[in-house]
Amino acid sequence: MSRLRGKNIVLGISAGIAAYKTPLLVRLLKKEGARVRIILTPNAHKFVTPLTLSVLSEEEVLTSFTAEDKDNPVWNDHVAIGNWADLMFIAPATAHTISSMAHAKCNNLLIATYLSATCPVMIAPAMDLDMYGHPANQKNLELLASYGHTVLPVGEGPLASGLVGKGRLLEPEILKDHILSFFDKKGPLQGKKVLITAGPTYEKIDPVRFIGNFSSGKMGVALAWRAYHLGGEVDLVIGPNTLELVESPFNIIPVVNAQQMHHAVMKSYQYADIVISAAAVADFRPKNQSLSKIKKSTATDTIHLEKTPDILFEMGAKKKNQFLVGFALETDDGLTAALGKMKEKNLDAIVLNSLQDAGAGFATDTNKITYIGNDEKPTIFPLKSKKAVAQDIWNEIIAQRH
Ligand code: CTP
């Protein structure tokens, strides 16, 4: 395959242990026909050798403002390199490099090239979990996103520190996929930010009990994968689930209860182009949460409840240009109820699944849906795998937006 033939990529590598993955990335990009010029930050050579990178990229690897030859120093023209690139890709981006980029601290060739480059920029962070989650680092990532750069998610798993959590550099194959989808202008969701909610929410009664529902999150995850394959940049806000999501190429924001889901959704909503609300949010939560386990001997037969925020309703009320799709899970007169929800929540479309249909709804691998757009005409689909249903839903959304 030569899907990157004619594409010029500057790969910026900063000094983190995850740099060991970059030779493989270079190999994958070269195999796809790209020209790859590599710039290391001053300490990155401690994690990956310039010789390996230069052999694989078939280019000179740059680290400083001047070439090494002391008797005949040559200026490495960061402006020319920046102009040459169709894409600047920083992987791994350490907290230090992220901070330097965010605040224009021009202390090495990589940052100088970044500041000179006029091409799109993608950043693949990698660091320890607490560093990644630190508000200062998160703020810097938000700043980079606000400059129009694409900030890729991190992987989750064992880290060099021995801790386990969020902070791993995505695997080279996945990084390559992001680069391919960036250049694949054919994807109808190219450049679109997609927000999807999925799964149930758990509302605590006491430390061991909760109010929840049987939602598995499978439908929302299938929608997220499809959106990613269509070229979208996806945020998936998902409640408690048992799905294998660790190496997913999109941004996963795990939450437990409706309040947390509300918070995460509203943060991402302001940047979103298309939103699909597939989560089965608990409508009520206990008014008072007991801090210790409620004993049978002292329990009453009443739990006082209060309403959780209706997240989709709030998104509808605050809608600017977002295309908003809701779900309606009904047991009775589905169509009327779904149309009612579409109007009440100011939606552009609603997906109805009726629990009267065998194989539809929660926890199954299949679903049977009816899609209703703003012409209010229902399109009824047969029972299919959730993966196929996700394709149908995205086909409808893309057709409706044209
Ligand atoms: N929804 C939401 N926040 C809530 C409840 C629902 O965002 N607190 C969203 C769901 O993700 C779904 C849509 O609203 O896209 C409809 O959810 P549903 O539970 O079918 O409807 P409700 O509005 O809760 O109404 P009812 O339970 O009375 O049917």
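This is a predicted model: local features need pLDDT of at least 70, side-chain atom pairs count only at pLDDT 80 or more; totals for chains, interfaces and linings use all residues.
Lys341 contributes through its side chain, in which an N or O atom is 2.7 Å from an oxygen atom of the ligand. On its own the ligand has 570 Å² of accessible area, of which the protein covers 76%.

Strand β1 spans residues 8–13 and is mostly covered, with six of its six residues buried. In a regular strand, side chains alternate between the two faces of the sheet. In β1, Asn8, Val10 and Gly12 point one way, while Ile9, Leu11 and Ile13 point the other way, and all are buried. Strand β1 pairs with two other strands, β2 and β3. With β2 (residues 35–40) the pairing is parallel and extends over six bridges; Leu40 of β2 is the bridge partner of Ile13.

Side chains of opposite charge can pair when their charged atoms come close. The structure holds 18 salt bridges. One of them links Lys218 and Asp365, whose closest N and O atoms are 2.8 Å apart. Lys218 belongs to helix α9 (residues 218–229) and Asp365 to the loop between β17 (349–354) and β18 (366–367), so this pair ties together parts that are 147 residues apart in sequence. Lys218 is partly exposed, at 26% relative accessible area, whereas Asp365 is exposed, at 51%.

A salt bridge also connects Glu306 and Arg285, with 3.0 Å between the closest N and O atoms. Because Glu306 lies in strand β15 (residues 305–307) and Arg285 in strand β14 (residues 284–286), the pair ties together parts 21 residues apart in sequence. Glu306 is partly exposed at 27% relative accessibility, and Arg285 is buried at 19%. In the salt bridge between Lys384 and Asp392, the closest N and O atoms are 2.7 Å apart. Lys384 is partly exposed, with a relative accessible area of 25%, while Asp392 is buried at 10%. Arg3, Glu32, Glu173 and Lys176 are linked in a salt-bridge network.

Definitions and conventions
Residues are numbered from 1 along each chain as its sequence is written. Side-chain values use heavy atoms; hydrogens and water are left out. Buried means under 20% relative accessible area, exposed over 50%, partly exposed in between (1.4 Å probe, protein chains only). Helices (H or I, at least four residues) and strands (E, at least two) are DSSP runs, numbered from the N terminus. Two strands pair if DSSP finds at least two bridges between them. A polar contact is a pair of N or O atoms within 3.5 Å; within protein, one must be able to donate a hydrogen and the other to accept it, and residues adjacent in sequence count only if both atoms are side-chain atoms. Accessible areas come from the Shrake-Rupley method with a 1.4 Å probe; for residues, only the protein chains shown count as cover. A salt bridge is a side-chain nitrogen of Lys or Arg within 4 Å of a carboxyl oxygen of Asp or Glu.
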